[in-house]
Amino acid sequence: MAEASIRMNALPAAFVGASRRWFADVVCVASAALLILSGAIKAMDLPSFARVIESQGLFTLPSAQTLASTVALAEIAVAAVAIASLVFDRRVLAARALGLFVGILCASVLILAINPPARPVPCGCALSSAPVESWWGLVGRNFGWLILLIGASLAAPVRPN
């Protein structure tokens, strides 16, 4: 009787472990895919992305050109690190690498929300070219994304060494 009880209790534990892995994988894969798409779109038209960065008013055009290249490359590189981490069963590393990058995005958008450009300009997100009236919505979106990645990092089972 005790043996049957132990097997019954093992089933929910296995299900919880699998659902935690599934949650971490879905959040990390979706985030990495979004960064690859965004980075590729930006890389295909760096001059346009640099003009968007300049129009936000925080950087001059020469600095914006360097930043545009760096951001596009960083998005693709962070996504590649995350995918490689998932392949090698390192979900926590994947979630933390993505979370660090998204945290930097959160900080940059928060700076623009606190000190917005004089006129509405695009965000440079690669998925929208519409001018942004209020940056606070993007702050909320990016912080929501960061919270999902923190949740994925906490939910991901740690692989023993």
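**A working chat on a predicted helical and stranded model**

Trainee: What percentage of the residues of the protein count as buried?
Mentor: Of its 161 residues, 34% count as buried, where buried means under 20% relative accessible area, exposed over 50% and partly exposed in between, with a 1.4 Å probe and protein chains only. This is a predicted model, in which local features need pLDDT of at least 70 and side-chain atom pairs count only at pLDDT 80 or more, while totals for chains, interfaces and linings use all residues. Residues are numbered from 1 along each chain as its sequence is written, and side-chain values use heavy atoms, with hydrogens and water left out.

Trainee: How many helices and strands are there?
Mentor: There are five helices and two strands, in the order α-α-α-α-β-β-α from the N terminus. These are DSSP runs numbered from the N terminus: helices are H or I of at least four residues, strands E of at least two.

Trainee: Which residues touch the most other members of the largest nonpolar core?
Mentor: Cys28, Leu35, Leu98, Val102 and Leu149 do, within a core of 21 residues. Such a core is a set of buried Ala, Val, Leu, Ile, Met, Phe, Trp, Tyr and Cys residues joined through side-chain atoms within 4.5 Å.

Trainee: And which helices supply it with at least two residues each?
Mentor: Those are H1 (2–44), H3 (61–87), H4 (91–114) and H5 (136–155). The largest share, seven residues, comes from H4.

Trainee: What is Val102 in contact with, leaving aside its neighbours within four places in sequence?
Mentor: Val102 is in contact with Asn142, Trp145, Leu146 and Leu149; contact means heavy atoms within 4.5 Å.

Trainee: Changing topic, at what angle do the axes of H2 and H3 cross?
Mentor: The axes of H2 (residues 46–55) and H3 cross at roughly 120 degrees and come within 8 Å. Axes are lines fitted to C-alpha atoms, for helices over the stretch in contact, and angles run from 0 to 180 degrees between N-to-C directions. The two helices are therefore oblique to each other: under 35 degrees counts as roughly parallel, over 145 as roughly antiparallel, 65 to 115 as roughly perpendicular and the rest as oblique.

Trainee: Which residues of H2 make that contact?
Mentor: On the H2 side they are Leu46, Phe49, Ala50, Ile53 and Glu54. The H3 side includes Leu61, Ala64 and Leu67.

Trainee: Lastly, is Leu93 buried or partly exposed?
Mentor: Leu93, in helix H4, counts as partly exposed at 47% relative accessibility. Its C-alpha atom is separated by 9.4 Å from that of Ala156, 63 residues apart along the chain.
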